[in-house]
Amino acid sequence: MIRRPALLLVMIFIGWWLFADTARHLWGPTFTTKPELRFAHYGSWQDYEMWRAVISAFERSHPGTTIRQEYTPGFGTEYENKMRRAFSAGIGPDVLLVQDETLPRYAQTTLADLSTLLSHDRQNELRLTSRPTAVDSFTIGDRLFALPVYGGNLLIYLNLRCLTRAADFYHEPIVLPSEDWTIEEFRNFCRKLTCDFDHDGRVDQFGFWHPWWGYFLPFVWSMGADLLDNSRTQWRFDDNAAISAMQLYHDLLRTDRVCPPPGALGQMRQDIAFLTGRTATVINGPWFIPLLEESDLRNEYLVLPIPRGPAGRFTRVTWDGIAMSKNLNLNLRSAASDFIGFTQSKPAQEIFAASRRLIPSRTDVPMFQSPQDVRRGLTRFITSFEYARLQPINPYWNEINQAFRKYQYDLLNDRISPREFLNRISRDPLIAGHFAVGAQTR
Amino acid sequence: MSTAQTTSTGTFLKFLSPWLVGTSVLVLLPVIASLVLSFTSWDGLSIHDIHWVGSANYRQIFEVDSSREVGPNDPWYWRLLGGIPKDAQFYKSVYNTTIFAVFAVPLGLAAALGLALLLNQPLRGISAFRTIYYLPYILSGVGTILLWQWLFNPDVGLINLFLKYLVTLWTWTSGLFGHQTSPWSPPAWLYSPQGCKPAVILMNLWGMGGAMLIFLAALQNVPPHLYAAAQLDGANRRQKFRCITLPQISPAILFNLIAGLSGAVRSFKIPYVLQHWSQNDGLLFYMLYVYRSAFESPARIGYASALIWILFVVLFVLTALTLLTSRRWVHYEVR
């Protein structure tokens, strides 16, 4: 007799166990009056800790709101894909961290226009208190899809042990570059740092790590080339300056031979190659600093400026911003606005600065000011904003990336010239299908 | 139908319902959805942005621009196509997958059969050997792929280290006879378009334990009296293998061939983990291309669905051909 009610109880328990969270997700507000915001972000474990601290600080100052931290380990494409799928399935987060590169792709369909939530004065204030390019990176047309929280620019890291080893090997001192060094001086510097210590015909220490083309953009701009015009609709990477830039990209690997060719260091990543002294310099952002400071290289590295080219000096800056889902109910929308506003506040921005790996978007938050930081050249991460440029933010960043990836092998293996490389890229449907090509070629 | 029969059918269906619901929702529905989606254009973002494009996806896959001439550095198979394909990566993925299947499947079958023959010997402790050779099959995964990546490391990998010793030995021996040898440059394996496919074909042998086990079971089912009769007729070991062993285990060969072929064509894990720009898309296998089309931005779910249906048709035809030809070479025991 007791069997039937017992079975019913078991079934109720299993049903609750399986579907309680679904019910809470669908009818959350009816279960609780305290709004719970779902906040999604990506990054390393340091990012997780950093956001945990920001969320705790927010919850202390806003006791009426709780935030569920939804963390995706890793960077870039995987996170973007996950967010796209989540929004497509109708289970996207309420607030999310976005990258400026990939934002335009899904901003229009999934994200709220934050400019409607901010007064004109607040928007002006935001521009005044933020670092150059920060707000622009999330502005599409006259709409603002995210508020910048932190970012980073690219500079050159030098392993001082490699410098000493190279000087000993060549029996001559190697002078550190000046603040205003040129691309030609950079090439010479890399040549001096490239050494075959055991004379077996194979290079043991390379001068520079051949970067992904996106990290090479500062050199491209310094050579006077550009991917897109100001309207971001016309493909401009087809002129003589672009040829020179891609020639440099090729020559660093094949003519100067200052970079490790594929296979030379196996699957070694650039950070490991730098830490182990296999490459003397790498181009990287401030997010490289914590790794260096945890290693025994902490007192033996320098940050150098980007060299100057015929068109001047530029560095590439990227920003991460915080955005709000388009389809939030009023209750959550107000809580989301509070949280987004909190990430712009000084206490939150100081947490970002304390991570020492990302530059907070607010200019009034100090960073890298200790004598040791000055000696290592870390202050350059702040001063280089004077010559920082946004990469061409447009909905087709991934297509541009794919097009470069597609023909990069042929260029770097002397199968095609830089001119043919540019021709192939501009003819490729990935580019020609989205940009006006050739019509206004300079 | 009697009441008892109705109750019995009802009970049968109730017991079957988890499977029926599971298969319908998780298999049949996605299969039908992918077929419908293959005639649409969709970025996978919003359900409202699905547009019917008819057969455009299929046409685009096979479209060739015959107005442009094929250059000397272009792939040789473009000449067979009579121009430059609009989707060059599709043909590249078909080419890569074909090369992989053509070499990896027979090599895998031969190695598995050879190993099964060795492990079929009546030796002491043979079970331990069988376990040892089967273990890699159940260890298969990303971890072992990364292990192989280190083995194939051009700089510090054990395979190049071994080759280096061989070359040094050869150089030394040649020197004794007054021959000069040219300096040796180690193969870049996974970091070159030429080396990446041989590397993954060799790597694929790591998982031959599954096929080996099936061969071993088949070998143990061969009636011993056949060998005894052949012995009486004066057959040697090669004749016994060709005329008794092979025909007797031919159903197992057929099974392993179809499973191996299907596995090779659908290979995804190895190329996904090991892809690198220096391979010049040398490891762009078909399933990796489907994945890239569907899930890497710009996501083209419709196009990827069309690709997967083409794969289904090809696999269906290949399997049907294999089964048709099997009538000539597969022998089933008639009782």
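A residue is called buried if 20 or more other C-beta atoms lie within 10 Å of its own, exposed if 12 or fewer, and partly exposed in between, with C-beta atoms placed from the backbone. This is a predicted model, in which local features need pLDDT of at least 70 and side-chain atom pairs count only at pLDDT 80 or more, while totals for chains, interfaces and linings use all residues. Residues are numbered from 1 along each chain as its sequence is written, and chains are lettered from A in the order in which they are written.

Select helix H10 of chain B, residues 224-232, where the count of buried residues among the nine is zero; helices (H or I, at least four residues) and strands (E, at least two) are DSSP runs numbered from the N terminus. After H10(B) comes Gly234(B), which has a positive phi near 85°.

Next, colour chain A by domain, using bounds from an automatic or database domain assignment: domain 1 covers 28-153 + 318-379, and domain 2 covers 155-316 + 392-437. Their centres, taken over C-alpha atoms, are separated by 30 Å. The contact between them takes 17 residues from domain 1 and 17 residues from domain 2, two residues being in contact if their C-beta atoms, placed from the backbone, lie within 7 Å. On the domain 1 side, helix H5 (103-110) and strand S6 (147-153) of chain A each give two or more residues.

Finally, show both chains, where 21 residues of chain A are in contact with 20 residues of chain B. On the chain A side, H4 (77-88), H5 and H17 (397-412) each give two or more residues, and H4(A) provides the largest share, six residues.
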